[in-house]
Amino acid sequence: MDRQDENKVMKKDLDANDGYSRKKFLENAGAALLSGGFLAGTALPFAANAKSRETASGAASGSMFSVPEVKRVAADPRDIPGLIKRRTSKTHEITLESREVVAEIEDGVKFTYMTYGGQVPGPMIRVRQGDTVKLTHKNLSNNTMIHNVDFHAVYGPGGGAEATMCPPGQSRTMQFQATYPGAFIYHCAVPRLDYHISSGMYGLILVEPSEGLPDVDHEFYFGQNEIYTNKKAGQKGKHKFDTQAMKDEIPNYVVINGEKQAITDNRHGALMVKRDETARIYFVTGGPNVTSNFHPIGNVWTKSWREGAINSNPERFVQTCAVPPGSCGIFEMDFPVPGPIKLVDHALSRVAHKGALAVINVEGKERPEIFAANL
Ligand SMILES: [Cu+2]
């Protein structure tokens with residue numbers, strides 16, 4: 001693998017400094033967004049927050065705010081930092097940007113996503129057990145809401161939620177040591193956290209064991225969340241978030257990497273591997289409410305670390321692994337025969353009707369002693 005053993009600086013091209021100050025934001029979006037509840041860590045009345053959000057959304061359609069429209073929020077499963085070969089500790093300086101963007105869930109269906117780094121799931125962060133992370137959360141100035149980050153890899157209040165909370169146009173920095181290994185979710189944890197996570201604000205941090213991980217031919221990164229919108233799945237136009245549907249836990253989309261069938265030939269393209277290669281998959285379920293039953297159709301998880309608990313012995317030859325909201329899984333696969341492998345949530349209505357599908361195409365010669373068709 002030629003990928004670098006470093007986390008990229010997770011700041012992309014969008015220029016945060018559009019001259020829109022926090023003061024203006026407060027004047028226009030309503031100071032309720034920052035009322036004592038948030039920063040004091042007590043529960044903010046949801047009604048008050050919802051009101052301020054409506055104000056903010058209203059402003060978003062005017063000239064003051066410009067939540068940008070982007071072509072894609074689906075994270076590229078291959079776009080992750082490479083294996084850590086280093087056997088000493090280091091300090092990482094990592095910036096996570098909160099970005100609100102409008103994008104399509106499927107063709108013709110627009111939705112206002114909330115993301116880290118403009119992608120769902122957010123950028124995969126990779127460190128070694130014992131490393132220190134200086135983490136800056138930057139809330140872009142053209143966003144409409146307050147955001148933060150709660151890392152399950154952190155010993156500390158709220159996983160850093162309070163320490164990273166800030167309104168649009170501001171950033172905050174915290175530092176933590178990654179003391180225990182595994183794959184862990186990070187997610188937004190403001191009072192309406194379910195709404196923010198459903199809209200895309202979650203990702204995965206991998207803390208490699210201090211001795212490292214074995215080489216594989218490919219590593220892929222996926223995240224699952226469910227989306228609740230106010231129109232039928234597939235109905236063209238702009239969909240708004242449906243809070244009641246979320247409370248009832250009845251999503252109209254369940255997606256892997258943010259969009260319906262994002263990583264398939266129907267949308268951004270399937271992944272390609274060669275016969276006899278190996279792959280390791282890092283999987284995070286954002287939820288906020290729905291457990292993934294992660295299964296590779298036409299294959300099996302040769303090794304499965306439930307909950308991403310990489311220091312445990314893996315289970316072998318697991319068909320379907322539950323990955324609950326707020327957790328992760330690490331899986332390894334072999335590809336002994338050619339053909340498509342469909343990665344699904346095996347609660348299959350979510351595949352047939354709601355979008356939970358990704359595809360790995362295996363290229364190579366048939367191996368009829370293992371599988372033969374048309375006999
Ligand atoms: Cu948020």
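Why is the arrangement of the four donor atoms around the copper ion irregular? Before we get there, keep in mind that this is a predicted model, where local features need pLDDT of at least 70, side-chain atom pairs count only at pLDDT 80 or more, and totals for chains, interfaces and linings use all residues. Residues are numbered from 1 along each chain as its sequence is written, and side-chain values use heavy atoms, with hydrogens and water left out.

Let's start at the metal. His147 (ND1), Cys188 (SG), His196 (ND1) and Met201 (SD) coordinate the copper ion at 2.1 to 2.6 Å. Donors here are N, O and S atoms within 2.8 Å of the metal (3.2 Å for Na, K and Ca); water is not among the atoms, so sites may look incomplete. The angles the donors subtend run from 83 to 139°, which makes the arrangement irregular. To count as tetrahedral, four donors need all angles between 85 and 135 degrees; four count as square planar and six as octahedral if opposite donors are over 155 degrees apart and all others between 65 and 115; anything else is irregular.

(Buried means under 20% relative accessible area, exposed over 50%, partly exposed in between, with a 1.4 Å probe and protein chains only.)

Next, the charged pairs. The structure holds 18 salt bridges, each a side-chain nitrogen of Lys or Arg within 4 Å of a carboxyl oxygen of Asp or Glu. In one of them, arginine 280 meets glutamate 219, with the closest N and O atoms 2.8 Å apart. Arginine 280 is buried at 1%, and glutamate 219 is buried at 2%.
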